[in-house]
Amino acid sequence: MRIVKSKRDLRALVSDWKADKQEIGVVMTMGALHEGHLSLVDAAKTDNDRVIATIFINPRQFDNKSDLATYPVDTDADLKKLEEAGVDLVYLPQVDEIYPNGYSTTVAVGTMQDCLCGATRPGHMDGVTTVVSKLLIQTSPDRAYFGQKDFQQYLLIQRVASDLDLSVDVIGVPTVREDDNLALSSRNRRLSEEQRAIAPTLYKVESTIADLIRQGEAVDHVLEWGRKVILDSGFERIDYLEVRSEEDLELLGDVADRDNLLNGRVFVAAWLGNTRLIDNYPISR
Ligand SMILES: Nc1ncnc2c1ncn2[C@@H]1O[C@H](COP(=O)(O)OP(=O)(O)OP(=O)(O)O)[C@@H](O)[C@H]1O
Ligand SMILES: CC(C)(CO)[C@@H](O)C(=O)[O-]
Ligand code: BAL
């Protein structure tokens, strides 16, 4: 497995592969890798001749300084996992390789980012779409893999690739969960034992809401129930608990027709101490 830190070295390897007509898949991460990340690598290995993983903690997508300061870093273990998973190349740039002095361009997607994490983490989605655009240009892959856990991020990146005519397939990979259905997340490492026991409430609530909506219960009513259960379980704050279209994130409620509702997902973000957890679940499961 090659490890490169500069875009010049990255380009040299990518050009060789392209000259050889090898198809390239990329998996972008912020490190502290878990089985969720490795499922993206597996998908990329299946579809492509070469797999690139990137590890870059992107300061521009952190709306909260202490979240950035406490974001887990475990590079040696990450490299071992990526090597075992059969990754060909790891791109590990420093901040000034991505944002050199004078850097001043932002890639920002319109309306779809005005809700969910885009609304509750100001600047976050612009930071994501900017760095992902740069990493797509630098790695020039045939396919790029993103987790459906970060569903809004996945949809926005599809939009960017289409709007900017980037010739890459953006592929969404289902969420990998613990045995108790907590979605794997690097931030789970920050949870205390007590918080870890509370965390699976998000899955219980979103999956129950989906069941109840499928059975014909009123959306407003089940969301109100869900908010109460989440707060009673020990979460301090809910950023959002909503049902939205999985195509364009339009808000779905009782006025929407049944078919629309069945294309919806329950989206949730809530705080346990200083840790914000997110998850989502399809109504039509
Ligand atoms: N449980 C999961 N299942 C599948 N993919 C995942 C999972 N968790 C994260 N990913 C995906 O891995 C990629 C890198 O995510 P990232 O490095 O931010 O990890 P993370 O676990 O989401 O961390 P955090 O949410 O704490 O920032 C993203 O495409 C993300 O959606
Ligand atoms: C896609 C990403 C690597 C961009 O920094 C990040 O938002 C993430 O880890 O999901
Ligand atoms: N997993 C999305 C990246 C972030 O939370 O900053």
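A residue is called buried here if 20 or more other C-beta atoms lie within 10 Å of its own, exposed if 12 or fewer do, and partly exposed in between, with the C-beta atoms placed from the backbone. The model is predicted, and local features need pLDDT of at least 70 while side-chain atom pairs count only at pLDDT 80 or more, although totals for chains, interfaces and linings use all residues. Residues are numbered from 1 along each chain as its sequence is written, and chains are lettered from A and ligands numbered from 1 in the order in which they are written.

View 1. Helix H10, residues 201–214, has 14 residues and reaches 20 Å from its first C-alpha to its last, where helices (H or I, at least four residues) and strands (E, at least two) are DSSP runs numbered from the N terminus. This is close to the expected 20 Å, a span defined as 1.5 Å times one less than the number of residues. Thr 201, Leu 202, Val 205, Glu 206, Ile 209, Ala 210 and Ile 213 are the buried residues of H10. They lie on the same side of H10 because they cover an arc of only 165 degrees around the axis, the arc being that of the directions from the helix axis to the C-beta atoms. An α-helix has 3.6 residues a turn, so residues three or four places apart point the same way.

View 2. The residues around ligand 2 include Met 28, Thr 29, Met 30, Asn 58 and Asp 150. Strand E2 (24–29) and helix H7 (124–139) are the elements that give two or more residues to this shell, and H7 gives the most, with three.

**View 3. The contact between the two domains.** The protein is divided into domain 1 (2–173) and domain 2 (186–282), with bounds that come from an automatic or database domain assignment. Their C-alpha centres lie 26 Å apart. The contact takes 15 residues from each of domain 1 and domain 2, two residues being in contact if their C-beta atoms, placed from the backbone, lie within 7 Å.

Notes. Near = placed C-beta within 6 Å.
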